[in-house]
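Dear colleague,

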Amino acid sequence: MGDNQTMFTAGLIKTILSSYPLPMDGVHGPAHWARVLENGTHLAEISGADLEVVQFFAVLHDSRRTNEDDCYEHGQEAADFAQSLRGTHIHLDDDRFELLYEACALHTHGETEADITVQTCWDADRLDLGRVWIIPHPDKLCTEPGRDQKLIDWATARAKDEYEPDMVAAWLEGY
């Protein structure tokens, strides 16, 4: 579902990975980001969300975690990290950047009401909850395409199987 073409650079990935403190094979690491990226790319094609914002969200949203369990501030820290990357790796106008910032900052709060782009970001992440053996409930998803049971089943199976998209190997080359 969806393609793997991304709008960010290898330099962004290198910058993110260079300061990522958790194991690269952890439940919040690059394989998760890549599945969120694929989920989000697919959802954005249907929802009309801003694809570039969704893709930035995928690789940034869990990049500031300091542990695999309770890390309450990581969403806000990811939003602030994104802010620090503006002008070097992230080139979004103010309105689009605000969507990215909100999506990152609030992604763990369980909200469902927001701009369609923010909702698409949140659904892309929630659809990967199978990696921790939680099946996303349609009522906790934000978008109509995200609530589709076939999509939930597809994303959950990939997450439970710890599917690693091909892009992860390229990201981790040299790490």
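This is a predicted model: local features need pLDDT of at least 70, side-chain atom pairs count only at pLDDT 80 or more; totals for chains, interfaces and linings use all residues.

Residues are numbered from 1 along each chain as its sequence is written, and side-chain values use heavy atoms, with hydrogens and water left out.

The protein chain has eight helices and zero strands, where helices (H or I, at least four residues) and strands (E, at least two) are DSSP runs numbered from the N terminus. Its C-alpha trace spans about 40 × 35 × 30 Å along the principal axes, and buried residues make up 50% of the 175 residues, buried meaning under 20% relative accessible area with a 1.4 Å probe, protein chains only.

Helix α5 covers residues 94–106, and because 13 residues at 1.5 Å a residue should span 18 Å, the distance of 18 Å between its end C-alpha atoms agrees; the expected span is 1.5 Å times one less than the number of residues. Within α5, the buried residues are F97, L99, L100, A103, C104 and A105, and the buried residues of this helix pack against α3 (51–60), α4 (74–85) and α6 (116–126). At the start of α5, the backbone nitrogen of D95 has a side-chain oxygen of D93 within 3.2 Å.

Notes
Contact means heavy atoms within 4.5 Å. A polar contact is a pair of N or O atoms within 3.5 Å; within protein, one must be able to donate a hydrogen and the other to accept it, and residues adjacent in sequence count only if both atoms are side-chain atoms.
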